[in-house]
Amino acid sequence: MPVQAQDVQRILETVPVQHRGPGGALAVVKDGEVIAQKTWGYANLEKRIPISSKTIMPICSISKQMTCALLFDLEENPPPDIAAKGTFSECMEEALRKMVPEPLTKDTGLNIRHLCDMQSGLRDYWALAMICGAKPDDPFTIQDDGFKMLSLYTTFHFQPGTEYSYSNINFFLIARLIETVTKEPLPKLLEERVFRPANMTTAQLIPSTAHQPGDCLGYEGIEKYGFLPAVNRIEWSGDAGITTSLEDMIAYEKWFDTRWSEKSKYSSVASARTYNDGVHAPYSYGLGHSLLENVDTVGHAGALRGWRLQRRYVPQERLSVIAMFNSENATVGKTVTYIIRKALQLPDAPTSDVKPAGEWFGEFLDEGTQLSITVAEAATAGSVSIRYARDAEDVRLVSPTRAESQDNIATISGDTLEIHRVHENRKLVAQRIKQEPKTDGSELQGKYYCSELGSTLMCHGQDNMLYGAFDGVLGNGSVNLMRRLGKNVWVWACPRALDHSPPGDWTFVFKENAHGDIIGCTIGCWLARNLSFSKVPRC
């Protein structure tokens with residue numbers, strides 16, 4: 001059935017009550033025209049400033065696709081002095097080899113497209129910052145701290161081109177390389193080659209999150225406890241940093257629709273690609289590709305402490321949905337999915353009445369990534385809840401021992417859990433974590449050093465109350481609690497981070513020698529895996 005504007009407007013009217021927070025802005029664009037729009041609540045609760053379609057907000061990681069749009073334009077229309085030397089792509093590849101530490105490019109195959117497609121294998125620098133001594137409210141500068149973090153990289157957590165892993169350092173690098181090759185600042189280039197062509201009149205790149213334009217504030221908190229303005233003191237540019245209004249995002253969607261629907265060269269370049277083994281890859285050129293009931297969608301979310309945003313485009317319907325919230329507890333992804341599903345009258349997600357086998361539930365350790373996996377009962381009947389990345393995912397049961405979703409295919413057999421992370425092109429084989437022998441954890445106390453990061457873990461406590469803190473190139477980090485999962489496997493809580501929501505719990509796997517003495521540990525989270533720390537002998 002055709003999409004009716006009045007029906008879509010009624011759908012948008014139901015959204016605010018689902019997000020009882022400061023405010024938000026929504027729009028739906030169909031065939032290049034706005035068919036529904038909704039704003040509500042406050043940009044600034046203290047000053048009683050309402051949100052409007054002109055309210056400026058940071059769009060955070062939605063910026064990544066605009067960085068790639070700039071890269072595309074520079075490749076197609078290079079500055080004359082660069083064109084005289086060769087192709088822009090060749091200049092970027094040469095600059096990449098000079099900018100990153102040599103171990104990352106020597107015989108590794110790492111290239112610019114790996115960065116654009118999240119296939120580089122480089123660990124996320126915002127996650128690494130938390131084990132390099134950063135505190136959540138610390139300042140973080142591009143020129144000092146950003147390049148300081150980059151200088152530490154000497155290994156990958158997978159080989160380039162083989163898997164997907166979200167990593168902001170990819171787009172930090174693309175942006176710095178563009179500036180190096182063009183000798184122009186990224187904000188100027190974006191204005192000339194992306195914002196102006198897209199008719200975005202208020203959009204600009206503002207790297208400092210502490211000095212955002214306009215009156216809108218992002219908020220932490222929930223209705224029960226109240227909302228407080230979020231504190232942000234980091235700089236980002238390329239991986240995020242663009243601020244704009246709903247009106248300008250509508251202009252961008254019209255521009256995007258024209259380029260995509262006309263099957264331009266840009267849409268061809270930005271379409272989903274493959275991994276080295278030929279398997280379909282869901283992320284390409286700063287855009288995430290996913291299916292909603294077999295309907296293709298393409299877009300990206302954005303987040304910063306106090307902000308949640310997303311834009312998503314349905315190519316076959318030429319339909320775009322934009323959602324912008326100044327509250328970090330807004331479930332923006334679910335909102336956009338809800339609007340698309342209702343607007344296109346798609347069926348509800350299938351349910352299952354299969355009961356899970358009892359062996360599903362518990363804590364497991366994946367052998368390859370050395371990350372813990374928690375399987376618990378799901379709120380949705382006929383599903384199991386699997387937590388491997390930051391957020392738990394409900395996966396629908398197709399039999400008592402097998403569960404499937406678009407992103408996960410999981411099976412349980414006794415103490416062995418196998419998960420195919422489909423979009424990440426990763427297969428996990430995890431064993432149930434043993435609970436014995438029980439100790440109070442005091443044998444783990446001491447210092448552990450990671451030579452790659454120049455980071456030291458300070459582990460203290462007893463009576464199963466251990467605390468961990470990291471000292472590194474970014475300072476002396478906060479002390480956070482550790483929680484035992486089983487023998488020599490603990491998780492370190494990371495409840496707050498520099499950029500937006502934290503990377504989640506970090507898994508600590510402590511290692512023993514033949515005598516049973518603790519000699520080191522492997523530390524990692526889904527954004528930054530397999531980091532080796534050696535225990536420092538006591539003097």
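The lining of the second largest pocket comprises, by class, five nonpolar, two polar and four charged residues, where Ala, Val, Leu, Ile, Met, Phe, Trp, Tyr, Cys and Pro count as nonpolar, Asp, Glu, Lys and Arg as charged, and the others, Gly among them, as polar. The model is predicted, so that local features need pLDDT of at least 70 and side-chain atom pairs count only at pLDDT 80 or more, whereas totals for chains, interfaces and linings use all residues. Residues are numbered from 1 along each chain as its sequence is written, and side-chain values use heavy atoms, with hydrogens and water left out.

**Pocket and cavity**

- The second largest pocket holds about 270 Å³ of space, a pocket being an open set of points, on a 1 Å grid over the protein atoms alone, with protein on both sides within 12 Å along at least five of seven lines, while a cavity is a set of points where a 1.4 Å probe fits but cannot get out.
- A volume is the space filled by probe spheres set on the grid points, which are joined across faces, edges and corners.
- Lining residues, which have an atom within 4 Å of a point, are for this pocket L365, D415, Q431, R432, I433, K434, K487, N488, V489, V509 and F510.
- The elements giving two or more residues to that lining are β21 (426–432) and β28 (506–512); strands (E, at least two residues) and helices (H or I, at least four) are DSSP runs numbered from the N terminus.
- One cavity of 30 Å³ or more is found in a search of the whole structure, and the largest cavity has about 50 Å³ of space.
- Around the largest cavity stand Y164, S165, Y166, Y388, A389, R421, E424, R426, W526 and R529, which by class are five nonpolar, one polar and four charged residues.

**Helix α1 with helix α12**

- Helix α1 (residues 5–13) packs against helix α12 (residues 332–343) at an angle of about 150°, with the axes 10 Å apart; axes are lines fitted to C-alpha atoms, for helices over the stretch in contact, and angles run from 0 to 180 degrees between N-to-C directions.
- That angle makes α1 roughly antiparallel to α12, since angles over 145 degrees count as roughly antiparallel, under 35 as roughly parallel, 65 to 115 as roughly perpendicular and the rest as oblique.
- In α1, V8, I11 and L12 meet Y338, I339, K342 and A343 of α12, contact meaning heavy atoms within 4.5 Å.
- Six nonpolar residues, no polar residue and one charged residue make up this contact of α1 with α12.

**Helix α2 with helix α9**

- Helix α2 (residues 63–76) and helix α9 (residues 186–195) pack at about 75°, with their axes 9 Å apart, and are therefore roughly perpendicular to each other.
- On the α2 side the contact is made by M66, A69, L70, D73 and L74, and on the α9 side by L186, L189, L190, R193, V194 and F195.
- This contact has nine nonpolar, no polar and two charged residues.
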